[in-house]
Amino acid sequence: DPMFRALVETESILNIHLGSSGQLSITAPDAPIDVMITLQPMNICQAAADLLWSRVVKQFPDLRIALSEGGTGWIPYFMDRLDRTYDMHHAWTGQQFDEMPSEVFKKHFLTCFITDPVGVALRNQIGIDSMLWNTGKGMRLEGLVKAGAYYNAATQTSGYFYTNTAP
C-alpha cells in the first residue's frame, strides 16, 4: 500500500509494461517465438484484469495505471467482458463496484500504443481521454484529445496532430 499511496499523493502514474503479467504466454514448448510476440498484449490484459478486480482501485480511487505498449484494439472486447463477468457473477464472487467495471477501467487505466490502426478506429469506444501514443521516445502524456494519432489504411501511413477538441 505505501507504493499506491505515494503514487496517488504525488499524482504519478503506475506504468505497467507489455510483459508485466508475471509470465509470458507460451502455447507449447516448440512454438515459434512469433507466438509469444503475438500474444504479448494478452499479458498486459492479464495484468489489467488482476488490478481491476483487486482491492487496489477501490482503495485508491485516484490511482492511474498506464498499460505501456499493450495496444488498444483489444480494449472494447475486454471492457465488454468485464461488464458481462460482473453482471453474471458478482453475486457469488462478492465483487462490488459503484459503477460498471468498464467505467472503472476508463477512470483508472491509460492504454498506450505504438501503432494500432484498429485501436485508433475504435477510439470512441475505448475512451479517447484514456489513450496515449508511445512514440518510442517515451509516452506522449497529452493523450489523443490534444494530440491525435491517425492511420491512413490506403497509404499505410500514420502521423500525429494537435487539436483542442476530440476528433
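This dialogue goes through several features of a predicted model.

Trainee: How many helices and strands does the protein chain have?

Mentor: The protein chain has eight helices and seven strands. As the model is predicted, every value we discuss is computed from its atoms.

Trainee: What share of the residues counts as buried?

Mentor: Of the 167 residues in the protein chain, 38% are counted as buried. The accessible surface of the chain is about 9,600 Å², and carbon and sulfur atoms hold 54% of that surface.

Trainee: Among contacts between residues at least 6 apart in sequence, what percentage joins residues at least 24 apart?

Mentor: In this protein chain the figure is 58%.

Trainee: Let us turn to a single helix. Which residues of helix 5 are buried?

Mentor: Begin with the general idea. An α-helix has 3.6 residues a turn, so residues three or four places apart point the same way. In the present case, helix 5 runs over residues 101-108, and its buried residues are Pro101, Ser102, Val104, Phe105 and His108. These residues lie on the same side of helix 5, because they cover an arc of only 160° around the axis.

Trainee: What covers the buried residues of helix 5?

Mentor: The cover includes three helices, namely helix 2 (33-53), helix 3 (56-59) and helix 4 (75-93). It also includes strand 2 (64-68) and strand 3 (109-113).

Trainee: Where is Leu82 found, and with which residues is Leu82 in contact?

Mentor: Leu82 is found in helix 4. Its relative accessible area is 3%; since buried means under 20%, Leu82 is buried. Apart from neighbours within four places in sequence, Leu82 is in contact with Leu52, Trp53, Pro101 and Phe105. Leu82 and Phe105 are 23 residues apart along the chain, and their C-alpha atoms are separated by 9.0 Å.

Trainee: Which residues line the largest pocket?

Mentor: The lining consists of Val57, Lys58, Pro61, Gln96, Phe97, Asp98, Glu99, Val104, Lys107 and His108. The space in this pocket is about 190 Å³. Helix 3 and helix 5 each supply at least two residues of the lining, and helix 5 gives the most, with three residues.

Trainee: Gln96 belongs to that lining. Is Gln96 buried or exposed?

Mentor: Gln96 is exposed, because its relative accessible area is 51% and the cut-off for exposed is over 50%. Gln96 is found in the loop between helix 4 and helix 5. Beyond neighbours within four places in sequence, Gln96 is in contact with Lys58, Tyr86 and His90; Lys58 also lines the largest pocket. From C-alpha to C-alpha, Gln96 and Trp53 are 9.6 Å apart in space, although 43 residues apart in sequence.

Trainee: Which residues have a positive phi although they are not glycine?

Mentor: The general idea is this. Most residues other than glycine have a negative phi. Here, Glu11 has a positive phi of about 55°, and Glu69 has one of about 60°. Glu11 is placed in the loop between helix 1 (2-9) and strand 1 (13-17), and counts as exposed at 72% relative accessibility. Glu69 is found in the loop between strand 2 and helix 4, and counts as partly exposed at 35%.

Trainee: Thr72 is also in the loop between strand 2 and helix 4. Is Thr72 buried or exposed?

Mentor: Thr72 is buried, with a relative accessible area of 0%. Leaving out neighbours within four places in sequence, Thr72 is in contact with residues including Thr111, Cys112, Phe113, Asp116 and Met131.

Trainee: How many disulfides does a search of the whole structure find?

Mentor: The search finds zero disulfides. Cys45 counts as buried at 17% relative accessibility, and Cys112 counts as buried at 0%.

Conventions:
Residues are numbered from 1 along each chain as its sequence is written. This is a predicted model: local features need pLDDT of at least 70, side-chain atom pairs count only at pLDDT 80 or more; totals for chains, interfaces and linings use all residues. Side-chain values use heavy atoms; hydrogens and water are left out. Buried means under 20% relative accessible area, exposed over 50%, partly exposed in between (1.4 Å probe, protein chains only). Helices (H or I, at least four residues) and strands (E, at least two) are DSSP runs, numbered from the N terminus. The arc is that of the directions from the helix axis to the C-beta atoms. Contact means heavy atoms within 4.5 Å. Accessible areas come from the Shrake-Rupley method with a 1.4 Å probe; for residues, only the protein chains shown count as cover. A disulfide is a pair of cysteine sulfur atoms within 2.5 Å. On a 1 Å grid over the protein atoms alone, a cavity is a set of points where a 1.4 Å probe fits but cannot get out, and a pocket is an open set with protein on both sides within 12 Å along at least five of seven lines; lining residues have an atom within 4 Å of a point. Grid points are joined across faces, edges and corners, and a volume is the space filled by probe spheres set on the points.
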